[in-house]
Amino acid sequence: MRHIFLIVLAVAFAVSLAASVFTLMQVNKETDELSKKLRERTLLLADGLAESAAPAYARYATSTLEKLANTFTNRERLIGLAFYDTRGNKIAGSSGVTDEMLKNAPILDTFNSTEPDDAFAITEGTRKYYFAQPLHSDDAYIGSLVLVQDASDIDVAMSRIWRDTFLKLFVYFLLFAVAIAALVYFVLFKPLSNLAESIRQARMNKDARAPQPSHHNFFLQPLAMEVSKLASSLAQARTAASEEARMRLEKIDTPWTEERLKEFIKAYLKDRPIYVVSNREPYIHSKDRGEVTYSVPASGMVTALESVMAACGGEWLAHGSGNADKEMVDAESKIRVPPDEPKYTLKRIWLNPKEVKGYYVGFSNEALWPLCHIAHTRPTFRKEDWLMYKRVNGKFAEALLAELKGVERPIVLIQDFHLSLLPRMIKESRPDAQVGLFWHIPWPSAEGFSICPWRKEILQGMLGADIIGFHTQQFCNNFLETVGKEIESLIDLEQFAVTSDEHTSFIKPFPISISFTDAMEGKTSIAPDRAALEAMDIRTEFVGLGVDRLDYTKGILERFRGIEFFLDAHPDFYKRFTFLQVAPPSREESEKYRDYAVAVEAEAARVNAKFRKNGWQPIRFEKRHFSHSELVPLYQTANFCLVTSLHDGMNLVAKEYVAARDDEAGALILSKFTGASRDFNRGALIVNPYSAEEVSEAIHRALVMPATEQHRRMRSMRTSIRDYNVYRWAAEFIKAVAALR
Ligand code: ADQ
C-alpha cells in the first residue's frame, strides 16, 4: 500500500509541475494581453490629454493644468496625472498623485525623448501603471505628461487564474489519485501479489498446483505464464527429488534403522504429525512406599510401538493405569517420555474402575481375546461389558478428536482389539484424518467370529479405518471372509479392499517385528554370561527358557507337559537340564487369568515333584516382571527358547531370542500357531504345542543339535529379522496409511 501511495504522489507531482508550467504560461499571456489593453487605453487617454493640455502647458498655466488634472483624476482606473517640465520637475498634477507615488515610480525615459514610455511598479502596496507621454509644441519637446493608472486588476485576474488552476488541479489530483490507485491496485498490485503468493505456495509446496496465469490481465499474462512454467518445473523437480529420496529410503537391500525410519517419515509425511492410540501405555508410573518409579509393561504391542515412537516422535494416547500416573502428568494429562530421555508425548486417558471392569477386563479380555484366539477358552459376552466398551471407545475418540483440532490430515494409528470402534468414530468427525488400525492378535474364521452378538457393530467400527493391518495373510483372508458374511459391502479380492457406506478400507498383512538392526550386532556379549542364571541358582549343563505373560493362549501348561514327556523319554537329561519359565502375572482382574496362574504353578509343582532328585528339579518358575536388560542375558545363555502359544498373532519373544543370539548358537522351538512361525519356518523347530511328544522331540533335538546346524538356523532367522525389523514394519504401515487420499 505504501508503494501505491508513493506512485500516486509521484504522478501527482509530475502532473502538478506540468500544470504549473502551463498556468505560468497562461498567466504571462494573460498579463501581456491585459497590459497591452491598458497601454492602448492609456495611450489614447494620454493623447487626448496631451492635446487638451498642450495650450495651457505652453502658457505655463499651472492652475489650468491642475484643474485639468483633477478633472480626469479617478476616472475609470486613472489615479491621477502630473505634468513635468523638460528638466523633470513636476509643475502641476492631480491631488491623488502623491510625490511619494511618483518618487517610487520607475524612472521614465520620456524626458528628452519623443517616444512615450511606460512601466509597472508596486507603490503604496498596489500595482500601478505609469505612462509618460512627451508633450510637444511646434515639434519641440516641452515637457512630459505622466499618467498613473491603477493596475491592481491585473493582479486580481492573475490570482484568479492561479486559484482556478489550482482548484482544478486539486480536483484532477483527487480523480487521478483514485484512478491511479485503482489502476495500480487492480492491474499490477493484486495480480502481482497473487502471483507472488502462488510462487510462495509452490516454493513451500503447500499447494502442489502451479500458479495460474490470469486470463484477464493482459500485461502480466506473459510473466504469469513464465512463472507458471517455472513452478511446474519446480514441482516436478521436487517430486523427482522426493521420489528419489523415497526410493532410496525404500531400497530393500539397505537395512532399516531408527535413523532411516526418521528420514523416511520426514520425507514421506512432511511434518504431518503421528498419533498412536492404544489401551496399554508404554510407561506406567507406580508408587511404592512413597517412591515413584516407572516400568515398561510386558506387552508385544508396547515393545513394537515404543521403538517407532522413539524414532518418529508424535503423540501417544493411552489409558493411564499406574497408581502414580496422575501425579506425573501436566494439566492436560500429558507427560514427555521416555522419562529419562523424552522423545514423544504420552497423553493419559483416565478410566474409572467400572469402565476398566466392563471395557478392559470384561469385553476386551473375556470376550474379544478368546474370540480371536483359538485356545478353546469360551468367550463371555456380557451386555453391560459391551456397553462399557462402546462408552470407553467414545471416551478415547473424544480425547483424540480434541488433540486433532486444528491439525490438518493427521495420521492416526490405532492399536488393537480394545479400540475396534474408534476408527469409525474418528472418521465420522474427521474424514480428512488418515486412519490405520493394527490388529495385534489373530483374526478367527468367519464361523468362529459369528458367535459374537455385536459382530456387525465391531466390523463397522473397524471399517472406518483406511488400512486394517494384521500380522499374516491368513488373518487378512479370515477378516475379509468375515466381512463378506456379516456386512453388506463390496469386496475387491484383487486389491484386498472392502467398500461399505461409501468408504473403502484396505486389508493388508504387516508382520510385526522388533528393533533389531545391524548396529546391534556385537552389542550383546559375544561370550554368553551365565552369571544371571547362577544368580538364580541355575547351574545345570542345559537350560531351556520360556518368556511369556501369564496367559492361557501362550500354552504354558502344554509346555510343561512337553517337558514332562521329554524327561520321561530321555532320563539321561535328569539333573543336567533346567527349564526356566519367566512369566509376569497378566490381567489379574480376570478370574480366568487368576485361575490360569494357579494352574501353571500347580502344573510346575506337579512336574517338579515327579522328577525332583537330590535337590534338582526340572522347572524353575519365576512369576515376575523382568526388564528387557534382565531378559537379554537369559536369552543369550539358554540352549533353547520354547514358544508354545496355542494361538498367537506374531510372538515377539521368539524374535527377541533370535536377536539376542550374537553367537548364532541356541535353538528356537516355535509353535506352528504363531505368526512368527511363517517368518522362521526354516530356522526354528516348528511344533504343534498340543502334542507333548512333538514338543519333547524338539527339546531333545535342540539339546543335541550340532553347532553348525545351530549357526545355520540362527543365521537364517537373524537375516529375516534384520531384513524385516520393526522400523520397516512401521515404515510400511505408515506408508500404506499416508499414501491413501
Ligand atoms: P503379547 O501377547 O503381549 O503381544 P508377545 O508378542 O510375545 O505377546 O510380546 C510379549 C512382550 O512382552 C515381549 O516384548 C516380551 O519381551 C515381553 N515379556 C514377556 N514376558 C515378560 C516378562 N516376564 N518380563 C518382561 N517382559 C516380558 C501381542 C500379541 C502378539 C504380538 C504382539 C505384537 O498377542 O501375538 O506379537 O502383540 O503385535
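Which polar backbone atom is 2.9 Å from a nitrogen atom of the ligand? In this predicted model, the polar backbone atom at that distance belongs to Phe626, the pair being a polar contact in the sense of two N or O atoms within 3.5 Å (within protein, one must be able to donate a hydrogen and the other to accept it, and residues adjacent in sequence count only if both atoms are side-chain atoms). Residues are numbered from 1 along each chain as its sequence is written. The model being predicted, local features need pLDDT of at least 70 and side-chain atom pairs count only at pLDDT 80 or more, whereas totals for chains, interfaces and linings use all residues, and side-chain values use heavy atoms, with hydrogens and water left out.

A backbone N or O atom of Arg624 also lies 3.5 Å from a nitrogen atom of the ligand, and a polar side-chain atom of Asp648 is placed 2.5 Å from a ligand oxygen atom. Taken alone, the ligand exposes 710 Å², of which the protein buries 97%, with accessible areas computed by the Shrake-Rupley method with a 1.4 Å probe and, for residues, only the protein chains shown counted as cover. Helix H7 (300-312), helix H18 (628-637) and helix H19 (652-660) are the elements that give two or more residues to the shell around the ligand; helices (H or I, at least four residues) and strands (E, at least two) are DSSP runs numbered from the N terminus.

The ligand is surrounded by 28 residues, the closest being Thr303, His440, Phe626, Asp648 and Glu656, where a residue is near if one of its heavy atoms lies within 4 Å. By class, this shell has 13 nonpolar, nine polar and six charged residues (Ala, Val, Leu, Ile, Met, Phe, Trp, Tyr, Cys and Pro count as nonpolar, Asp, Glu, Lys and Arg as charged, and the others, Gly among them, as polar). Because domain 2 (274-509) and domain 3 (522-724) both give residues to the shell, the ligand lies between them, the domain bounds coming from an automatic or database domain assignment. The chain also has a domain 1 (2-156), and the C-alpha centres of domain 1 and domain 3 lie 132 Å apart.

The peptide bond from Val337 to Pro338 is cis, with omega near -5 degrees, and Pro338 is found in the loop between strand S10 (334-337) and strand S11 (344-349). Asp501, although not a glycine, has a positive phi of about 50 degrees, and Asp501 is located in the loop that joins strand S16 (497-500) and strand S17 (503-509).
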